[in-house]
Amino acid sequence: MRVIQEEHAVVMVVCELGISAERLQAVEEECRRRGLQPQRLQSGSRYFITLAALANDHRLALEHWPGVERLVPTVNSFRPETDSAPLAAQQVVLRPEGGVLGGVRIGVIAGPCSVEDRAMLLETAHAVREAGAIGLRGGAFKPRTNPYSFQGLGEKALEFLAEAREQTGLAVVTEAMSVQQVELVARYADVVQIGARNMHNFVLLSAAGRCGKPVLLKRGWSATLEELLHAAEYIIAEGNPQVILCERGVRTFEQHVRNTLSLSIVPALKQHTPLPVIVDPSQGTGLRGLVNPMSKAALAAGADGLIIEVHPRPDAALTDAEQSVSLEQFGELMSELPALVTALGREMAITND
Ligand code: PEP
Ligand code: MN
């Protein structure tokens, strides 16, 4: 795996809430004494100090310095020349009413690849809610390889998704494929998805950063860890720290799966960013029979959540039929997860309403 190069590595010192001005200055003084170049950032009443590459002995000393809560490795794309640089979130709130993902909480987002009609969406939404999901996925605008295949129902699908949210309380997650679609999608959705094909579309990333909703950012199928983090930074740089990173498989020589799920990026990302990381075992394998085991593997690797394609009649799905699981298969997986989540020392996220 390519690791973020040392000269690009930055460590963020997270200071304790309510740290006194004297203590804050003392931390900065200690950094300067060690030849580091501290840059102070403030977010609300919380102070952060970014440092250029940090040797281990400095790290150990600073971790225990009075007023320091913890050290977080990140990438050097925060804007150190401003003192209001936005900071990556540790947890993302999918909806104001509940559904927090990240930190100790593991959340599951589920639903059809595409919204096909009102009845199938509502049927799926109620079933996945019943099974314990916190989010409802469903494509309204679909990125299709073949221009003559089903492209999604557009705004009609967004209306169905909003109705499903009203009925179930689930947070709606759906993709915007262009800058022009961002505002429309954000009006209906709780979380705006940026698809794998658009991870490098920097104008779209910036627009998503201004949309006022959390963003689910999928890793491009040939993007490196560093490229994914920089794509996230485009969103964060617009003042939106609520970004969820998503591993959805990469292209390899392998033929027995649609994509190769690159699970090692999950713990690797955790070493570089506080952002929540989720896994899509549906696009990630292309085979419904692999969704259950790879979901569990993803959580064991440290993922903060899953996004899974579920369809009431999977074989008849208009898009991604082979990788869509049935309502029963999804229910079975969800009933198996709590034991694993508890063993991992974590909790399942819940939706309140
Ligand atoms: C999807 O979620 O249905 C999708 C198209 O995902 P990706 O962008 O990861 O291919
Ligand atoms: Mn799909």
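Author: Gladly; please keep in mind that this is a predicted model. By class, the shell around ligand 1 is made up of 3 nonpolar, 3 polar and 6 charged residues.

Reader: Okay, and which residues are around ligand 1?

Author: The residues around ligand 1 include Cys113, Lys142, Pro143, Gln193, Gly195, Lys218, Arg248, Gln283 and Glu309, and Arg137, Ala196 and Arg197 are also among them.

Reader: How far is an oxygen atom of ligand 1 from the side chain of arginine 137?

Author: An N or O atom in the side chain of arginine 137 lies 2.8 Å from an oxygen atom of ligand 1. For alanine 196, a polar backbone atom is 2.8 Å from an oxygen of the ligand, while arginine 197 places a polar side-chain atom 2.9 Å from a ligand 1 oxygen. On its own, ligand 1 has 290 Å² of accessible area, and the protein covers 97% of that.

Reader: And what about the space taken by ligand 1?

Author: That space is the largest pocket.

Reader: Switching topic, what coordinates the manganese ion?

Author: The manganese ion, which is ligand 2, is coordinated by Cys113 through SG, Glu309 through OE and Asp320 through OD, at 2.0 to 2.5 Å. Their spacing in sequence reads C-x195-E-x10-D.

Reader: Where in the chain are cysteine 113 and glutamate 309?

Author: Cysteine 113 is in the loop between strand 7 (105-111) and helix 3 (118-131), whereas glutamate 309 belongs to strand 14 (residues 305-309). The pair is 196 residues apart and links distant parts of the chain.

Key: Residues are numbered from 1 along each chain as its sequence is written. Chains are lettered from A and ligands numbered from 1 in the order in which they are written. This is a predicted model: local features need pLDDT of at least 70, side-chain atom pairs count only at pLDDT 80 or more; totals for chains, interfaces and linings use all residues. Side-chain values use heavy atoms; hydrogens and water are left out. A residue is near a molecule or strand if one of its heavy atoms lies within 4 Å of it. A polar contact is a pair of N or O atoms within 3.5 Å; within protein, one must be able to donate a hydrogen and the other to accept it, and residues adjacent in sequence count only if both atoms are side-chain atoms. Accessible areas come from the Shrake-Rupley method with a 1.4 Å probe; for residues, only the protein chains shown count as cover. On a 1 Å grid over the protein atoms alone, a cavity is a set of points where a 1.4 Å probe fits but cannot get out, and a pocket is an open set with protein on both sides within 12 Å along at least five of seven lines; lining residues have an atom within 4 Å of a point. A molecule sits in a cavity or pocket if more than half of its atoms lie within 2 Å of its grid points. Ala, Val, Leu, Ile, Met, Phe, Trp, Tyr, Cys and Pro count as nonpolar, Asp, Glu, Lys and Arg as charged, and the others, Gly among them, as polar. Donors are N, O and S atoms within 2.8 Å of the metal (3.2 Å for Na, K and Ca); water is not among the atoms, so sites may look incomplete. Helices (H or I, at least four residues) and strands (E, at least two) are DSSP runs, numbered from the N terminus.
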